[in-house]
Amino acid sequence: MKTTCFTMLSILFALLANVSEATWINSAEEITEEFLLETGSSSGYTEHIAHIKQVFKKFYVRTFLEFGCGFSTKYFIDNSENVISVEFVTPGSGPDWLKYCIELYQDYPEWTPIAYFAGPGLDTSWATHKYLGMDSVYRACAYQPVHRLSYALIDPSFLSDLDNFVREQTALYDIDMAFVDCGVCIRGDLVQTLFQHVPIIAAHDVAPKDIRHLDDVYGYGRIVVPPNYIEIYVPIGMGTAFWIKNEAPYLGVIEELKKYVNSKK
């Protein structure tokens with residue numbers, strides 16, 4: 001039976017119900033680094049924080065771009081000058097989660113939430129920061145989890161739309177790192193789009209290389225890594241992958257992550 005992104009979202013909300021004794025997080029101040037690390041160990045939901053922390057130890061991040069906001073956003077806010085959080089809002093992925101995060105982080109001026117709207121019949125009036133994407137992005141989000149194939153085989157225009165969005169952000173900010181962990185299933189396409197625009201890229205829920213192409217719900221198996229990037233895979237929990245420019249400013253990060261992975265073997 002094929003798993004859809006909607007099933008995965010159901011699993012996510014089930015995990016969130018158990019991340020603390022409270023039913024829900026009501027204040028961003030409750031989201032400490034200790035809380036995130038403990039939650040990562042117990043549920044896997046924020047397990048990537050322990051890995052991404054190795055990057056922040058070695059590299060000063062001016063602007064952090066994340067696709068998929070959540071409790072981890074607080075860590076990025078605390079450790080970066082600026083954070084841009086992007087949520088895709090489509091007819092199949094509503095705005096409730098982003099609205100919850102906006103309420104949670106409303107007192108942090110260094111945080112910019114962007115609603116990436118794609119698809120017909122959407123109410124866009126509530127979003128202060130928005131991007132009106134092409135309908136093909138919505139169709140790609142629906143096509144990928146069902147067929148395990150890129151919608152670019154049918155209509156590649158959604159890739160141009162993703163690229164246009166990323167170019168708009170990099171024109172406004174010096175983006176040092178991006179993280180892909182969104183609720184929609186075009187994660188592989190997003191990582192591919194980020195190459196050459198962002199020097200340090202990370203993604204969650206990534207399988208090991210040798211089986212990444214199997215049951216490829218997120219499209220990570222199709223990623224073609226450019227020769228000037230190096231991949232470092234953290235085989236813990238759901239799996240986290242880093243793609244880093246193999247250039248002088250980032251060599252410290254590469255070595256730190258390699259050392260970190262070796263310490264976990």
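## Exercise 1: Aromatic pairs

A search of the whole structure finds 24 aromatic pairs, where rings of Phe, Tyr and Trp (its six-membered ring) pair if their centres lie within 6.5 Å; planes under 30 degrees apart count as stacked, over 60 as edge-to-face and the rest as tilted. This is a predicted model, in which local features need pLDDT of at least 70 and side-chain atom pairs count only at pLDDT 80 or more, while totals for chains, interfaces and linings use all residues. Residues are numbered from 1 along each chain as its sequence is written, and side-chain values use heavy atoms, with hydrogens and water left out.

**Task.** Classify the pair of Phe67 and Phe88, and say which strands hold the two rings.

**Solution.** 
1. Phe67 belongs to strand 1 (residues 63–67) and Phe88 to strand 2 (residues 82–89), so the pair ties together parts that are 21 residues apart in sequence. Strands here are DSSP runs of E with at least two residues, helices are runs of H or I with at least four, and both are numbered from the N terminus.

## Exercise 2: A pair within a helix

**Task.** Classify the pair of Trp97 and Tyr100, then find the cluster that includes these residues.

**Solution.** 
1. The ring centres of Trp97 and Tyr100 are 5.2 Å apart with planes at 35 degrees, so this pair is tilted.
2. Trp97 and Tyr100 are 3 residues apart in helix 5 (residues 96–104), a separation of about one helical turn.
3. Trp97 is buried at 13% relative accessible area, and Tyr100 is buried at 16%.
4. Ring pairs link Phe35, Tyr45, Phe71, Trp97 and Tyr100 into a cluster.

## Exercise 3: Strand 8 and its neighbours

**Task.** Are the residues of strand 8 buried or exposed, and which strands pair with strand 8?

**Solution.** 
1. In strand 8 (residues 240–245), 6 of 6 residues are buried.
2. One side carries Thr240, Phe242 and Ile244, the other Ala241, Trp243 and Lys245, and both faces are covered.
3. Strand 6 (residues 200–204) pairs antiparallel with strand 8 over 5 bridges; pairing requires that DSSP finds at least two bridges between two strands.
4. Strand 7 (residues 229–234) also runs antiparallel to strand 8, joined by 6 bridges.
5. Ala241 is the bridge partner of Ala203 and of Tyr233.

Methods
Buried < 20%, exposed > 50% of the residue type's maximum accessible area, 1.4 Å probe, protein only.
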